[in-house]
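These are my notebook entries on one chain.

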Amino acid sequence: GPAGAGRGALWGAIEPCATVNLLNIPELSPGNVIVGGGTGAGVLDITGGAISPTMWRIGDTFAGTVTMEGGATVQSGNTTVGIGGPGTLALTGATTHWTQTGTFNIGTGGPLGQVQVLNGAALVSAGVNANNATLSVSGPGSMWTDTGTFTTVRGPTVADGGELVTREFGQFGTSGADWVLITGANSKWTSTLKIDVEGEGF
């Protein structure tokens with residue numbers, strides 16, 4: 001379970017191999033949420049409710065997984081996924097929504113960072129920096145909208161009716177396996193300003 005007592009400690013870290021489930025919390029505004037910190041892996045499942053932390057660290061020291069579903073909403077400051085351990089952020093289901101107002105770093109610490117927008121969920125970011133990362137938008141109604149500069153080595157994959165909207169996009173992987181993949185009926189990628197692939201802008 002969560003370390004210590006009280007709101008600050010609850011959101012400070014998740015203990016080894018622990019799973020914490022939050023169900024329809026009306027509104028929480030914690031400081032930092034650290035999943036996979038302390039001395040072991042952690043899992044945070046959020047179903048419904050609204051949470052507005054200042055910072056997320058998913059996969060801080062060990063593996064960390066955050067799953068949002070059931071119409072849960074998050075408004076976050078800074079988020080890092082995959083730091084000292086692998087990190088996964090999965091959003092699933094219509095009306096599940098994550099708004100990222102600060103920095104969004106994915107897989108920049110070395111271990112893999114994964115972000116999945118699935119089954120009608122929505123993610124809005126204000127800039128992305130992805131290195132060792134797997135990014136996916138999949139399923140009808142699923143949408144990832146980025147209003148800043150989206151920089152990535154690999155991907156993302158948009159599949160099965162998902163949609164990606166970027167303002168300024170840069171992809172700098174060197175192999176075909178790193179390229180953006182748009183697959184499946186009604187899948188779509190829209191860029192409102194610029195796409196730069198391996199240094200070739202268009």
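**Entry 1: L118 and its strand**

I started with L118, which lies in strand β12. Helices (H or I, at least four residues) and strands (E, at least two) are DSSP runs here, numbered from the N terminus. The model is predicted: local features need pLDDT of at least 70, side-chain atom pairs count only at pLDDT 80 or more, and totals for chains, interfaces and linings use all residues. Residues are numbered from 1 along each chain as its sequence is written, and side-chain values use heavy atoms, with hydrogens and water left out.

Is L118 buried or partly exposed? L118 is partly exposed, at a relative accessible area of 22%. The cut-offs are under 20% relative accessible area for buried and over 50% for exposed, with partly exposed in between (1.4 Å probe, protein chains only).

I then looked at the whole of β12, residues 113-118, where the side chains alternate.

**Entry 2: strand partners of β12**

I looked up the pairing next; two strands pair if DSSP finds at least two bridges between them. Strand β9 (residues 87-92) runs parallel to β12 and is joined to it by six bridges. In this pairing G87 stands opposite G113. Strand β15 (residues 133-138) also runs parallel to β12, again with six bridges. There V117 has V137 as its bridge partner.

I listed contacts, meaning heavy atoms within 4.5 Å. Not counting residues up to four places away in sequence, L118 touches L91, T92, G93, S138 and S142.

N119 sits in the loop between β12 and β13 (122-125). Its contacts beyond four places in sequence include T92, G93, S138 and P140. The C-alpha atoms of N119 and T92 are 5.4 Å apart, although the two are 27 residues apart along the chain.

Rings of Phe, Tyr and Trp (its six-membered ring) pair if their centres lie within 6.5 Å; planes under 30 degrees apart count as stacked, over 60 as edge-to-face and the rest as tilted. F104 and W144 form a tilted pair, 6.2 Å centre to centre with 40 degrees between the planes. F104 is in strand β11 (residues 104-106) and W144 in strand β16 (residues 143-146), so the pair ties together parts 40 residues apart in sequence. F104 counts as buried at 1% relative accessibility, and W144 at 0%.

F150 and F169 are also a tilted pair, at 5.4 Å and 35 degrees. Ring pairs link F104, W144, F150, F169 and W189 into a cluster.

**Entry 3: chain totals**

The chain has one helix and 22 strands. Of its 202 residues, 47% count as buried.
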